[in-house]
Amino acid sequence: MAQIKTKATRMCQECGEPLAGLKPGARFCCTKCRLSFNNRRLQRGAELYDLFMAMRYDRAAAQDAGAWSMLCRMAQQMRDDDVGLRAGRKSWQPPHRVLQDRPDLHAVVVIRPKRRA
């Protein structure tokens, strides 16, 4: 018996409702869902930011405090929240979407030595 391929229904990233009838690039069914999704990311991001910056620029203190383990525990707690409160819908953007918003992250900085006169 031949399988019939059906087009996957796009769902709101926040509430999970179908996005039928909305423009092709839509990710949310309404403004409330978009704001809720983005506010959660902002709140979570602030916590991650502090630990990541410590890991990058104050490595000894970050290592002494166990920053990497804290980051991993926080990520697990966030994922557990997604599974329990959001029916498993991811609350993060895929890397390609981040790069669409931040093309400068693709750039390679080349610092040329100054020429002597």
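A disulfide, as I use the word here, is a pair of cysteine sulfur atoms within 2.5 Å, and a search of the whole structure under that criterion returns zero of them. Before I go on, a word on provenance: this is a predicted model, in which local features need pLDDT of at least 70 and side-chain atom pairs count only at pLDDT 80 or more, while totals for chains, interfaces and linings use all residues. Residues are numbered from 1 along each chain as its sequence is written, and side-chain values use heavy atoms, with hydrogens and water left out.

Let me stay with the cysteines for a moment. C15 is in no disulfide, and the nearest cysteine sulfur, that of C29, is 3.6 Å away. For C33 the closest cysteine sulfur is again in C29, at 3.7 Å, which is too far for a bond. On burial I use relative accessible area, with buried meaning under 20%, exposed over 50% and partly exposed in between, for a 1.4 Å probe and protein chains only. On that scale C15, at 31%, is partly exposed, whereas C33, at 9%, is buried.

That brings me to the nonpolar cores, each of which is a set of buried Ala, Val, Leu, Ile, Met, Phe, Trp, Tyr and Cys residues joined through side-chain atoms within 4.5 Å. The largest consists of six residues, namely L51, A62, A67, L71, M74 and M78, and α3 contributes the largest share of this core, with four residues. Helices here are DSSP runs of H or I with at least four residues, strands are runs of E with at least two, and both are numbered from the N terminus. A second, separate core has five residues, among them L19, F28, C33 and F37. As for M74, if we leave aside its neighbours within four places in sequence, M74 is in contact, meaning heavy atoms within 4.5 Å, with E47, L48 and L51.

On a 1 Å grid over the protein atoms alone, a pocket is an open set of points with protein on both sides within 12 Å along at least five of seven lines, a cavity is a set where a 1.4 Å probe fits but cannot get out, and lining residues have an atom within 4 Å of a point. Points are joined across faces, edges and corners, and the volume is the space filled by probe spheres set on them.

The largest pocket holds about 550 Å³ of space, and of the 14 residues lining that pocket, R41, G45, L48, W92 and V98 are the closest to its centre. At least two lining residues come from each of α1 (31–57), α3 (67–85) and α4 (95–101), with α1 giving the most, five residues. By class, this lining has seven nonpolar, three polar and four charged residues.

The second largest pocket holds about 190 Å³, and its lining includes M11, C12, Q13, L19, A26 and W92. One of these, A26, sits in the segment before α1 and, at 15% relative accessibility, is buried. Not counting residues up to four places away in sequence, A26 touches R10 and L19.

A87 lies in the loop between α3 and α4, and its relative accessibility of 67% makes it exposed.

Methods:
Nonpolar A, V, L, I, M, F, W, Y, C, P; charged D, E, K, R; others polar.
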